[in-house]
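The following dialogue takes up several features of a protein model in turn. Please keep the sequence and the structure in view while reading.

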Amino acid sequence: MRYAQGGGLTDAERAMRERLRLQAVERFEGGQKNGEIAAVLRVSVRSVERWRRDWRERGEAGVLSKGSPGRSRLSDIQIARLERELEHGPLAHGWTDQRWTLARIKTMIGRLFHVSYTVEGTWQLMKRHGWSWQQPARRAIERDDEVVEGLEEGDLAAGKSIAAERGAWVVFEDEAGQSMTPPRARTWGRIGQTPGVRVRGRGSGRVSMAGMTCYKAGERSRLIYAVREYRGRKDEPKGFGWRDFRDLIVRAHAQLGGPIVLIWDNVCLHLTAGIREFIAANTEWLTVFQLPTYAPDLNPQEGIWSLVKRDIGNLAAADLSQVTRAVKRKLKMLQYRPEVIDGCLAGTDLALDM
C-alpha cells in the first residue's frame with residue numbers, strides 16, 4: 001500500500017477502503033461466503049474474515065470504524081519534551097535544511113528516549129498531538145524574535161492606547177514593485193513536462209506601489225494606495241521619494257477624517273530628515289511607530305501585495321502600461337472588499353481589537 005507524503009494513507013485510498021467495506025457489509029447481509037466476497041472485491045480472504053467478525057460484533061459501524069489509535073509509548077512528559085525540541089528546528093539538531101520529516105522525527109524520538117517508532121506510527125503520534133504536514137512561512141535569519149514577541153507589550157500596545165484615546169485610525173504602510181517579468185503562478189501541465197510561460201524579452205521599466213491598510217473600531221477598513229511608473233527615461237524618478245510618502249499620509253488623513261497612528265518599517269526613506277520634520281510638525285494628528293527589522297509578516301499591507309502579485313501571475317504584458325492597469329484594477333477591487341483587508345490583519349496575528 002502506498003503512503004502519502006507525511007505518512008498515512010491518501011484521501012483517495014481511505015475513500016476506496018470505505019467503499020470496499022460498505023460493499024462487503026452488503027454481501028454479508030446477502031449471505032455470500034468470504035471467498036466469493038474476496039474474489040469480487042479483490043482483497044485478501046483474511047481481510048474479509050476480519051470485517052465479518054467486526055460486523056457480527058458491532059454491526060456496520062464496527063466494519064467502518066478505524067479502530068483504536070493505540071496507546072502511545074511516550075509519556076506526557078516525554079511528548080512535551082519532544083515538542084520543545086521540534087520547535088527548536090532541525091538546524092539545532094544537526095540537519096542542514098529546515099524540514100521536519102517523519103523519518104527525522106522518528107530519529108529524534110530514538111535519540112531522546114531510545115524508543116523505536118515506525119514512520120506510520122510517528123505520523124499517528126504527531127497527528128494525535130496536533131501536528132500536521134504544512135507549508136512553512138519564510139523568516140529572515142537576522143530577525144530578532146525577542147523584539148517581535150515584545151511588540152504586543154511595547155510600541156503596538158502604546159499605539160493601540162493612543163488610537164483609543166484620540167479615536168485614531170491605525171494605519172499600516174508598505175511599498176512594493178513589479179517589473180515586466182510577471183510572478184510565476186501554478187498552472188496545469190503534463191506530468192514530466194514543466195509548463196512554459198512566455199514573457200516579453202524586450203522592454204524595461206517598473207511599477208512602484210505604496211499602500212496603506214487602515215483600521216478603526218466600528219469603521220469599515222480602508223485601502224489607500226499610490227502607483228508610479230518608471231520607464232527608464234532621463235531624469236525620471238525610479239520610485240517614491242520622501243515627499244511622495246508625505247503626500248500619501250496627508251491624503252490618508254483627509255480621506256479618513258481623523259488622527260492617524262502610522263506603523264511602518266525602517267526603510268531609509270521613512271527615516272529621512274524631511275519625513276522626520278513633517279512628523280514633528282503634525283504631532284496633533286500623526287503618531288508614528290516603527291516595525292521591528294526583518295518582520296514583514298507583521299504588516300497586513302504585505303497581504304495586499306501578495307494578492308496583487310497572485311492576480312498578475314503569468315501575465316504576458318505587451319508593455320508596462322498593461323502591468324500598471326492590472327495592478328490598479330486589483331487594488332481598486334480590494335478597496336471594495338473590506339473583509340479581505342480585515343483578513344490581511346488577521347493573518348499577522350496582531351491583536352488590534354478591530
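Q: Where is histidine 114 found?

A: Histidine 114 is in the loop between α6 (102–113) and α7. Helices (H or I, at least four residues) and strands (E, at least two) are DSSP runs, numbered from the N terminus. The model is a predicted one, in which local features need pLDDT of at least 70 and side-chain atom pairs count only at pLDDT 80 or more, while totals for chains, interfaces and linings use all residues. Residues are numbered from 1 along each chain as its sequence is written, and side-chain values use heavy atoms, with hydrogens and water left out.

Q: How is a phi value to be read, and what is the phi of histidine 114?

A: Most residues other than glycine have a negative phi, and most peptide bonds are trans. In histidine 114, phi is near 55 degrees, a positive value in a residue other than glycine. Arginine 42 likewise is not a glycine, yet has a positive phi of about 60 degrees. Arginine 42 belongs to the loop between α2 (34–41) and α3. A glycine with positive phi, near 85 degrees, is glycine 130, which follows α7.

Q: Are histidine 114 and arginine 42 buried or exposed?

A: Buried means under 20% relative accessible area, exposed over 50%, and partly exposed in between (1.4 Å probe, protein chains only). Histidine 114 counts as exposed because its relative accessibility is 72%. Arginine 42 is exposed as well, with a relative accessible area of 78%. Another exposed residue is lysine 33, at 61% relative accessibility. Lysine 33 lies in the loop between α1 (11–29) and α2.

Q: Which residues of helix α7 are buried?

A: In helix α7 (residues 119–128), the buried residues are Gly121, Thr122, Trp123, Leu125 and Met126. For the protein as a whole, 38% of the 354 residues are buried.

Q: How is a salt bridge to be read, and how many does a search of the whole structure find?

A: Side chains of opposite charge can pair when their charged atoms come close. A salt bridge is a side-chain nitrogen of Lys or Arg within 4 Å of a carboxyl oxygen of Asp or Glu. The search finds 4 salt bridges. One of them joins the side chains of arginine 228 and aspartate 244 (3.2 Å, N to O). Arginine 228 lies in strand β3 (residues 222–230) and aspartate 244 in helix α10 (residues 242–256), so the pair ties together parts that are 16 residues apart in sequence. Arginine 228 is partly exposed at 25% relative accessible area, and aspartate 244 is partly exposed at 23%.

Q: Which residues does glutamate 175 touch?

A: Contact means heavy atoms within 4.5 Å. Not counting residues up to four places away in sequence, glutamate 175 touches Met209, Ala210, Phe245, Val267, His270 and Trp305. Glutamate 175 is placed in strand β1 (residues 169–179). The C-alpha atoms of glutamate 175 and glutamine 301 are separated by 8.4 Å, although the two residues are 126 residues apart along the chain.
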